[in-house]
Amino acid sequence: MSNNNNRVWFVTGASKGLGLSLVKQLLATGQRVAATSRKVEELVKAVSEQSEDFLPLETDLVSETSVTAAIEKTIATFGRLDVVVNNAGYGIGGSIEELTDKETRDAFDVNVFGTLNVIRLAMPQLRAQRSGHIINISSIAGIAPATGWSIYGAAKHAVIGLSEVLAEDVKEFGIKVTVVAPGAFRTSFLTKESLTLAKNTIPEYTAIRNSHEKYQSMDGQQAGDPDKAAAAMIAIVNEQKPPVYLLLGSDAYERGMAKLELLKDAFKEKEALTKSTSF
């Protein structure tokens with residue numbers, strides 16, 4: 001990998017939230033950054049810095065053609081690729097029954113298949129270099145999902161699963177993989193532009209409506225600082241042995257540890273029945 005001051009980063013979903021905080025910090029420290037957004041004007045305006053180290057890219061992550069063009073332009077501009085950050089994604093709330101097939105598939109397209117497209121198309125370059133670091137942004141909802149967020153939890157759980165195996169698969173090429181599970185951060189995540197709620201609501205799902213009201217009331221009050229989260233991600237890239245898992249936020253830590261206990265108790269409770277199924 002390039003030295004600390006001369007890396008090339010490819011960051012998706014960079015016009016707001018953690019992605020924007022990350023891009024701004026990277027540019028401030030002299031890193032070279034290719035950043036994607038569905039609307040390049042929004043990205044340029046949000047970053048508000050014109051520099052030969054900054055390559056804004058209008059990219060549709062669901063389209064292999066669009067992702068290919070973005071990665072090719074990054075390599076043509078900067079000559080290499082060191083850190084790939086799959087940050088693009090959005091929240092989706094509602095019960096499985098309430099969310100339509102299209103709403104569900106659209107969420108998986110961006111949150112899962114967009115990530116897979118970037119990895120698939122970046123890997124030839126990283127493999128040829130025998131170096132690189134892929135950071136996939138999941139969510140604590142991928143480890144310990146909450147009531148009313150089944151599809152979001154499923155998509156973010158998929159990101160964790162694919163990252164775990166990817167880390168093993170690419171180890172022999174000197175490529176590192178980290179899956180990041182943030183808790184609640186003070187970004188635009190809970191606003192209408194980053195969150196989709198089921199249009200077809202069913203009144204009987206009272207627990208889900210209560211859950212959604214609770215989360216939406218947190219907007220602007222979240223405990224997590226996105227600038228500190230970005231700094232944490234930069235710090236792990238500088239580590240000799242970066243972690244495969246990184247929780248961000250004290251709420252993510254609490255929820256993650258509670259889930260570990262829940263799984264341990266659930267597995268042990270049925271130990272005898274589990275083992276009774278062997279020949």
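Author: A residue is exposed when its relative accessible area is over 50%, buried when it is under 20%, and partly exposed in between, using a 1.4 Å probe and protein chains only. This is a predicted model: local features need pLDDT of at least 70, side-chain atom pairs count only at pLDDT 80 or more, and totals for chains, interfaces and linings use all residues. Residues are numbered from 1 along each chain as its sequence is written, and side-chain values use heavy atoms, leaving out hydrogens and water.

Helices (H or I, at least four residues) and strands (E, at least two) are DSSP runs, numbered from the N terminus. An unreviewed UniProt entry annotates residues 7-173 as "domain: Ketoreductase". UniProt positions follow the numbering used here, feature names are shortened, and such annotations may be inferred rather than shown by experiment. Across residues 7-173 the chain is 50% helix and 17% strand. The C-alpha atoms at the ends of that stretch are 18 Å apart.

Start with helix H3, residues 64-78. Its expected span is 1.5 Å times one less than its number of residues. For the 15 residues of H3 that gives 21 Å, and the end C-alpha atoms are 21 Å apart, which agrees. The buried residues of H3 are Ser66, Val67, Ala70, Ile71, Thr74 and Phe78. Viewed down the axis of H3, these residues fall within an arc of 130°, so they line one face of the helix. That arc is taken from the directions running from the helix axis to the C-beta atoms. What do the buried residues of H3 pack against? They pack against strand E1, strand E2 (32-37), strand E3 (54-58) and helix H4 (101-129). The face turned away from the buried side carries exposed Thr65, Glu72 and Ala76. After H3 comes Gly79, with a positive phi near 85°.

Now helix H7, residues 226-237. Its 12 residues should span 16 Å, and its end C-alpha atoms are 17 Å apart, which agrees. Buried in H7 are Pro226, Ala229, Ala230, Met233, Ile234, Ile236 and Val237. They cover an arc of only 165° around the axis, which puts them on the same side of H7. Their cover includes E1, H1, strand E4 (83-86), strand E6 (132-137), strand E7 (175-182) and strand E9 (245-248). Asp225 caps the N-terminal end of H7. A side-chain oxygen of Asp225 lies 2.9 Å from the backbone nitrogen of Asp227.

Ser15 sits between strand E1 (8-11) and helix H1 (17-28). It counts as buried, at 14% relative accessibility. Contact means heavy atoms within 4.5 Å. Beyond its neighbours within four places in sequence, Ser15 is in contact with Leu20, Ser37, Glu42, Leu43 and Ala46. The side chains of Ser15 and Ser37 are joined by a polar contact of 3.4 Å. A polar contact is a pair of N or O atoms within 3.5 Å; within protein, one must be able to donate a hydrogen and the other to accept it, and residues adjacent in sequence count only if both atoms are side-chain atoms.

Now the charged pairs. Side chains of opposite charge can pair when their charged atoms come close. A salt bridge is a side-chain nitrogen of Lys or Arg within 4 Å of a carboxyl oxygen of Asp or Glu. The structure holds 8 of them.

One links Arg105 with Asp101, with the closest N and O atoms 2.9 Å apart. These residues are 4 apart in helix H4, so about one helical turn separates them. Arg105 is exposed at 54%. Asp101 is exposed too, at 51%.

Glu103 pairs with Lys199, at 3.8 Å between the closest N and O atoms. This pair links distant parts of the chain, 96 residues apart: Glu103 in helix H4, and Lys199 in the loop between strand E8 (195-197) and helix H6 (206-217). Glu103 is buried, with a relative accessible area of 12%. Lys199 is exposed, at 71% relative accessibility.

Another salt bridge joins Glu271 and Lys275, 2.7 Å from N to O. These two lie in helix H9 (residues 271-275), 4 residues apart, about one turn of the helix. Glu271 is partly exposed at 35%, and Lys275 is exposed at 56%.

Last, helix H8 (residues 250-269) holds Lys268. Lys268 is exposed, with a relative accessible area of 55%. From Lys268 to Ala76 is 192 residues in sequence and 54 Å in space, C-alpha to C-alpha.
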